[in-house]
Amino acid sequence: MPELPEVETIRRQLAPLVEGRVLREVRIDDSRWSRPLAPAELQDALTGRRVDRLSRRGKYFVWELQDDVFLAQHLRMTGTLLYDADPATPHVHVRIALDDGHRISISDPRRFGTGELLLGEDARAAFFAARLGIEPLDGALDGPAMRAIVRDRRAPIKAVLLDQRRIAGVGNIYADEALHRAGIHPLRPARQLTAAQCERLSTGVREALQAGLDAGGATIDDFRHVDGVYGGFQNEFLVHRRRGEPCPACGREIVKFVAAGRGTYACETCQPKPRRPRT
DNA sequence: CGCCCTGTTGGGGA
DNA sequence: ATCCCCAACAGGGC
């Protein structure tokens, strides 16, 4: 469910509610969530600590706790982070009681979500350095940066966009959206992109993510805010393809295929298929 | 009712 | 470097 705009939206809503609060009680009912630690170990490490800041890196929430203790939390496919959730909410595997009486619940039907404890600045830096590349909304993702990222890579451009070690936070839906905005076919070998295409793609990635943020992270159909309310839609490529409607730019049919192992949508009029197999 | 397929993610093994 | 499969579950098509 959550891609970068959704994660950032949740972070912005939750940060003022948790920063400065102490985690009074932590209950983890899922041994998968806290691997490699046992749930009891993670509970003990978190309990009683003050939240200095709630930040984000790629699609990770970073709970910055006192004494340089960090929790890198990922919601993966189906995780939701709820504030004062309905007690009947299903699939809640992690519950946190704050010192002001409010509660945090993490609901995650598929249980892919993770929470990793990182002790100290160095551990945090190493964790993200091994996994994440450039932050797409920090201003550094321009045409030349994109060109350096695609250079020498013969993998399809969509696979490169989804590689978190290159660009942090672009998921399946926003990758399709960015490629449509840039007029680039998802299967085009990355190294074939011209300087002009790299420029358009860097803009497409930034604008697609920003549009998601402007919509309050409401671009995915079952996205819910921290208060449990469902979000709405915006009139973008990704919305049209979900509805089975034609391309909003040219009116031609949107086609579906597999790229980088994921379901992929494109308009092959706006995004011409690659013809040259190798370069 | 049951079976099969799909999926917003990322890690590990081939 | 790249591809495939997997984690666990819900929902839709047939």
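This is a predicted model: local features need pLDDT of at least 70, side-chain atom pairs count only at pLDDT 80 or more; totals for chains, interfaces and linings use all residues.
1. Contact here means heavy atoms within 4.5 Å.

2. On the α4 side the residues are G143, P144, M146, R147 and V150, and on the α7 side they are A195, C198, E199, L201, S202 and V205. By class, the residues of this contact are seven nonpolar, two polar and two charged.

3. Two packed helices are described by the angle between their axes and the distance between the axes. For α4 (residues 143-150) and α7, the axes come within 8 Å and cross at roughly 105°. The two helices are therefore roughly perpendicular, because angles of 65 to 115 degrees count as such.

4. Helix α7 (residues 195-214) also packs with helix α6 (residues 172-182); these axes come within 8 Å and cross at roughly 130°. How are α6 and α7 oriented to each other? They are oblique. The crossing of α6 and α7 is right-handed.

5. The α6 side of this contact consists of Y174, E177, A178, L179, R181 and A182, while α7 supplies R200, L201, G204, V205, E207, A208, L209, A211 and G212. Nine of the residues in the contact are nonpolar, two are polar and four are charged.

6. How many disulfides does the whole structure contain? A search finds zero. A disulfide is a covalent bond between the sulfur atoms of two cysteines. The cut-off used is a pair of cysteine sulfur atoms within 2.5 Å. For C247, the closest cysteine sulfur is that of C270, 3.8 Å away, and so too far for a bond. C267 is in no disulfide either: the nearest cysteine sulfur to its own belongs to C250 and lies 3.5 Å away.

7. Are C247 and C267 buried or exposed? C247 has 3% relative accessibility and therefore counts as buried, since the cut-off for that class is under 20%. C267 is buried as well, with a relative accessible area of 0%.

8. A40 is found in helix α2 (residues 39-46). Its relative accessibility is 43%, so A40 counts as partly exposed; that class lies between under 20% for buried and over 50% for exposed. A40 and G251 are 211 residues apart in sequence, and their C-alpha atoms are 55 Å apart in space.

Technical notes:
Residues are numbered from 1 along each chain as its sequence is written. Chains are lettered from A and ligands numbered from 1 in the order in which they are written. Side-chain values use heavy atoms; hydrogens and water are left out. Buried means under 20% relative accessible area, exposed over 50%, partly exposed in between (1.4 Å probe, protein chains only). Axes are lines fitted to C-alpha atoms, for helices over the stretch in contact, and angles run from 0 to 180 degrees between N-to-C directions. Helices (H or I, at least four residues) and strands (E, at least two) are DSSP runs, numbered from the N terminus. Angles under 35 degrees count as roughly parallel, over 145 as roughly antiparallel, 65 to 115 as roughly perpendicular and the rest as oblique. A crossing is left-handed if the near helix is turned anticlockwise from the far one by less than a right angle, and right-handed if clockwise. Ala, Val, Leu, Ile, Met, Phe, Trp, Tyr, Cys and Pro count as nonpolar, Asp, Glu, Lys and Arg as charged, and the others, Gly among them, as polar.
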